[in-house]
Amino acid sequence: MQVLGVVGWSGAGKTTLLERLLPELRRAGLTVSTVKHAHAGFDIDRPGKDSHRHRMAGAQEVLVAGAGRWALLHEVDGPEPALPVLLARLAPVDLVLVEGFKAHPYPKLEVYRPALGKPPIWPRQRDVLAVATDAPALPECDRSLLPLGDAAAVAAWVRRAIAPYARDVPKA
């Protein structure tokens, strides 16, 4: 499995880009999964539901299954699991897009909007290979620049970027 991070400051548009990028990559024949970093305290379960009751009673893992999907809830005692541990739990696919985990060492695409007033990540991290931006130009940037509003162009870059590392990635 190839891993590509999508990083950037909150509000830059990482999730929006992923929503537009995933269908493009699927149309190109890639199988794609995602990993989303969440801050402490998130919960996808709801009080009152049987699965929540199981967890509150002390279950280490609760697997909820139904027609069309299943979810595994795993309680963590101690530090947040490292990205490689989480990736090992995924079924094999061509590409895993990781939103967040920007400190972990893997190839990344930065979503950067100068209007947010936050500094870019690419000058401090050599593993940021490209920058998707709404700026007309970033003269100081020495990475590939991609138009943030053009998911097809970003998808084409992703396919080229992962191709050297994957034997079975379809050609577009």
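## F101 and its loop

F101 lies in the loop between β5 and β6. Strands, like helices, are DSSP runs numbered from the N terminus; a strand (E) has at least two residues and a helix (H or I) at least four. This is a predicted model: local features need pLDDT of at least 70, side-chain atom pairs count only at pLDDT 80 or more, and totals for chains, interfaces and linings use all residues. Residues are numbered from 1 along each chain as its sequence is written, and side-chain values use heavy atoms, with hydrogens and water left out.

Most residues other than glycine have a negative phi. F101 is buried, with a relative accessible area of 7%. Buried means under 20% relative accessible area, exposed means over 50%, and partly exposed is in between (1.4 Å probe, protein chains only).

## The sheet

An open sheet holds 6 strands, with parallel pairing. Their order is β2-β5-β1-β6-β7-β8. Two strands pair if DSSP finds at least two bridges between them. The edge strands are β2 (32-36) and β8 (144-147), and each pairs on one side only. Neighbouring strands of this sheet are turned by 25° against each other on average, direction ignored. Axes are lines fitted to C-alpha atoms, for helices over the stretch in contact; angles run from 0 to 180 degrees between N-to-C directions.

## Strand β1

Which strands does β1 pair with? In the strand order, β1 stands between β5 and β6. β1 and β5 pair in the parallel sense over 5 bridges, with V6 opposite E99 in β5. The β1 and β6 pair is also parallel, over 3 bridges. There, G5 has K108 of β6 as its bridge partner.

In a regular strand the side chains alternate between the two faces of the sheet. Q2, L4 and V6 point one way from β1, while V3, G5 and V7 point the other way. β1 is mostly covered: 6 of its 6 residues are buried.

Contact means heavy atoms within 4.5 Å.

Helix α4 (residues 151-162) lies across β1, β5, β6, β7 and β8, running at about 145° to β8. How far apart are the end C-alpha atoms of α4? They are 16 Å apart, which agrees with the 16 Å that its 12 residues should span. The expected span is 1.5 Å times one less than the number of residues. In α4, 9 of the 12 residues are buried, so the helix is largely enclosed by the rest of the structure. Among them are W157, R159 and I162. Their cover includes β1, α1, β5, β6, β7 and β8.

## Rings and charges

How many aromatic pairs does a search of the whole structure find? The search finds 1. The rings of Y112 and W122 have their centres 5.3 Å apart and their planes at 85°, so the pair is edge-to-face. Rings of Phe, Tyr and Trp (its six-membered ring) pair if their centres lie within 6.5 Å; planes under 30 degrees apart count as stacked, over 60 as edge-to-face and the rest as tilted. Y112 is in strand β6, and W122 is in the loop between β6 and β7, 10 residues apart. Both Y112 and W122 are buried.

Two lysines sit over rings. K102 lies over the face of W9, at 4.6 Å from the ring centre. K108 lies over the face of Y106, at 4.2 Å from the ring centre. A charge sits over a ring if NZ of Lys or CZ of Arg is within 6 Å of the ring centre and within 35 degrees of the ring normal.

A12 is in the loop between β1 and α1. At 1% relative accessibility, A12 counts as buried. Leaving aside its neighbours within four places in sequence, A12 is in contact with V111, R113, L116 and L148. The C-alpha atoms of A12 and A132 are separated by 10.0 Å, though the two are 120 residues apart along the chain.

H52 is in helix α2 (residues 50-56). Is H52 buried or exposed? H52 is buried, with a relative accessible area of 12%. Beyond neighbours within four places in sequence, H52 is in contact with D43, D45, R46 and P47.
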